[in-house]
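Keep the sequence and the model side by side as you read.

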There are 2 protein chains.
Amino acid sequence: MTKNILDELGSVIKGNDNFLLLTHEKPDGDAIGSLFGLFTVLRENGKKADAYLPEKPPMRYAPFVPEGIITDKAPDLGSYSCIVCLDTATSDRIGIEKSLKEKLLSCPLINIDHHPDNKLFGRQNFIIPDAAATAEIIFVTLQDSTGMRISQTAATFLMMGLLMDTGGFRFDNTGASTLKNASGLMAAGADYSRLINALFFSQPLNFVRMEAELVSRNLRTSFSGRYAWAYLSDEILAEFGVEKRDTESLIDILRQIQGVEIAVILYRKDDGFKISLRSKNKKYSVAKVARALNGGGHELAAGAFIKAGDVSEAEKILLDMIGELLG
Amino acid sequence: MTKNILDELGSVIKGNDNFLLLTHEKPDGDAIGSLFGLFTVLRENGKKADAYLPEKPPMRYAPFVPEGIITDKAPDLGSYSCIVCLDTATSDRIGIEKSLKEKLLSCPLINIDHHPDNKLFGRQNFIIPDAAATAEIIFVTLQDSTGMRISQTAATFLMMGLLMDTGGFRFDNTGASTLKNASGLMAAGADYSRLINALFFSQPLNFVRMEAELVSRNLRTSFSGRYAWAYLSDEILAEFGVEKRDTESLIDILRQIQGVEIAVILYRKDDGFKISLRSKNKKYSVAKVARALNGGGHELAAGAFIKAGDVSEAEKILLDMIGELLG
């Protein structure tokens with residue numbers, strides 16, 4: 001990470017007092033961890049700060065929501081000197097009411113993100129693609145370029161972001177500096193075992209049973225086992241009482257299989273199927289597949305939507321595209 | 001880790017030239033990673049060194065075995081100036097022919113381990129319980145106290161040990177220094193993504209299907225879901241063509257369940273059942289249960305054996321003991 005950029009970001013943080021923090025819709029662990037972490041540090045260091053989270057976060061994050069997060073009423077954008085948008089690649093994904101988007105983009109908006117395809121919609125943009133998580137950018141900036149105190153609570157939130165965006169240090173974005181910064185967060189007092197238990201060892205029993213059933217019933221492979229996919233139907237979700245927003249990690253059950261290069265989960269949505277794609281190998285970029293289907297993402301993790309009446313239709317489209325990708 | 005002890009160990013390594021390396025029977029990731037890692041560093045730094053591994057390692061480690069490891073004939077103990085035993089808590093668990101044990105204990109034996117209950121059977125004993133893995137002791141010693149070069153290959157082996165004994169940085173023994181040392185190994189060129197793919201994302205399809213079946217058929221819970229167990233019968237192993245020695249990580253499927261404090265897998269063995277125990281909470285030490293059953297291990301991970309004709313008999317014994325433990 002370039003020290004200059006971090007210092008500039010540090011100056012922005014130090015030089016303002018009245019913050020509103022936002023993140024992307026359907027917030028994941030990094031969105032939530034960055035939001036809660038920066039919010040906590042700002043308030044604990046004597047700054048005025050609000051954070052807005054219009055959606056209920058996935059269940060595993062619920063025990064972590066700090067006091068003072070605004071969830072129930074849209075914020076008054078005009079009343080802040082600095083609005084920070086975290087971990088959000090495009091302005092249309094910002095987690096705020098549609099009616100406020102236009103006004104938001106005319107505000108003093110600071111865009112902090114690690115997605116390489118970030119659309120630079122902020123007045124100032126701090127995009128650091130070699131950071132594994134937005135939470136990591138926040139941590140290193142706060143630590144090296146602001147002199148602000150990072151409490152145990154704040155370190156725990158930032159560690160949450162780093163843990164979730166690296167899949168618990170299992171994804172390809174985990175580098176020597178990622179582990180060094182994780183060590184720094186641990187030294188700052190992050191409650192690591194609470195996080196690990198909450199994030200990785202707290203699958204509800206009904207989820208584990210559903211996952212087993214999905215494997216037994218719906219797991220399919222093709223291309224000599226290099227492609228694995230499963231259709232997570234609304235019926236199976238209902239049968240086990242699992243909510244769709246709590247299935248973020250489900251695809252790992254396919255990703256972990258030996259020989260699998262590409263893994264896909266399909267979900268029913270409106271008049272088609274939402275698909276979640278993972279690759280284990282940069283040679284096979286699932287972002288390419290996703291973009292061809294009007295979706296997006298990274299080389300190794302992407303998402304898209306296929307309009308289709310029947311799942312077998314969507315599966316066929318995917319099978320052709322992935323066959324071509326695997327060559 | 002105490003610098004003095006590491007310096008002393010470093011002197012032993014620097015001061016000898018003709019090494020034999022051993023580890024414990026039924027070698028796990030740390031045993032194998034430490035053995036291969038130290039072996040590689042010694043040879044690459046101009047020392048004579050042999051390493052003996054009398055058993056086939058679990059499948060996931062097979063692609064990593066370096067050239068020159070002795071697997072087929074018992075070593076001539078008298079021909080070495082220094083014998084190093086890695087990651088082995090008691091002399092009866094050393095991975096060497098029984099007939100050689102007595103002679104071995106009269107040799108210049110160096111005992112390097114992180115198990116707090118190590119029986120100090122060596123002529124010199126370097127036991128560092130706050131190390132997450134024996135591989136971590138080796139790495140820090142080599143790096144800080146020998147000046148020896150650690151190649152990418154050696155760093156990969158040592159990272160393997162650290163990864164496996166921390167469950168990929170998910171167990172309670174993962175501390176700030178663990179992550180810092182992992183960062184050091186990564187900086188030394190450890191092939192992290194190869195390791196992650198081989199260790200965590202290479203479950204054979206038949207294993208994944210067996211795991212799903214085990215959950216669907218044999219997963220039981222008790223004490224309001226605080227205790228979860230499953231009996232992995234020989235029949236289910238045979239049905240899916242899975243070998244017992246490749247089921248090291250199977251217990252994590254139970255450990256990951258929300259609310260579970262204690263997880264147990266039972267396997268058939270001889271005239272009874274081998275049991276593998278995990279706890280998520282130091283308040284509930286499974287080592288206590290294991291010791292009461294003539295087994296052993298750590299507070300959070302232990303193993304034992306119950307003599308019983310029928311699995312329900314063994315399950316009943318466990319249920320009572322764990323009920324008492326959970327209070």
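This is a predicted model: local features need pLDDT of at least 70, side-chain atom pairs count only at pLDDT 80 or more; totals for chains, interfaces and linings use all residues.

Now look at the contact itself. Chain B gives 36 residues to it, and chain A gives 36 residues. On the side of chain B, three helices each supply two or more residues. They are α6 (176–187), α7 (192–199) and α8 (205–218) of chain B. Sort the residues on this side by class: 16 are nonpolar, 13 are polar and 7 are charged.

Next, turn to the sheet in chain B. Its 5 strands follow the order β2-β1-β3-β4-β5. The sheet is open, and the pairing is parallel. β2 (48–51) and β5 (124–127) of chain B each have a single partner strand, so one side of each is left without a neighbour in the sheet. These two strands stand at the edges. On average, neighbouring strands of the sheet are turned by 20° against each other, direction ignored.

Strand β4 of chain B spans residues 109–113 and runs parallel to β5(B). The two strands are joined by 4 bridges. To find your place in this pair, pick out N111(B): opposite it, in β5(B), stands N125(B).

Two packed helices are described by the angle between their axes and the distance between the axes. Here the helices are α1 (residues 3–15) and α4 (residues 134–145) of chain B. Their axes come within 9 Å and cross at roughly 80°. An angle of 65 to 115 degrees counts as roughly perpendicular, so α1(B) is roughly perpendicular to α4(B).

Which residues meet where these helices touch? From α1(B) come L6(B), D7(B), L9(B) and G10(B). From α4(B) come V140(B), T141(B), D144(B) and S145(B). The residues of this contact divide into 3 nonpolar, 3 polar and 2 charged.

Definitions and conventions. Residues are numbered from 1 along each chain as its sequence is written. Chains are lettered from A and ligands numbered from 1 in the order in which they are written. Two strands pair if DSSP finds at least two bridges between them. Axes are lines fitted to C-alpha atoms, for helices over the stretch in contact, and angles run from 0 to 180 degrees between N-to-C directions. Angles under 35 degrees count as roughly parallel, over 145 as roughly antiparallel, 65 to 115 as roughly perpendicular and the rest as oblique. Two residues are in contact if their C-beta atoms, placed from the backbone, lie within 7 Å. Ala, Val, Leu, Ile, Met, Phe, Trp, Tyr, Cys and Pro count as nonpolar, Asp, Glu, Lys and Arg as charged, and the others, Gly among them, as polar.
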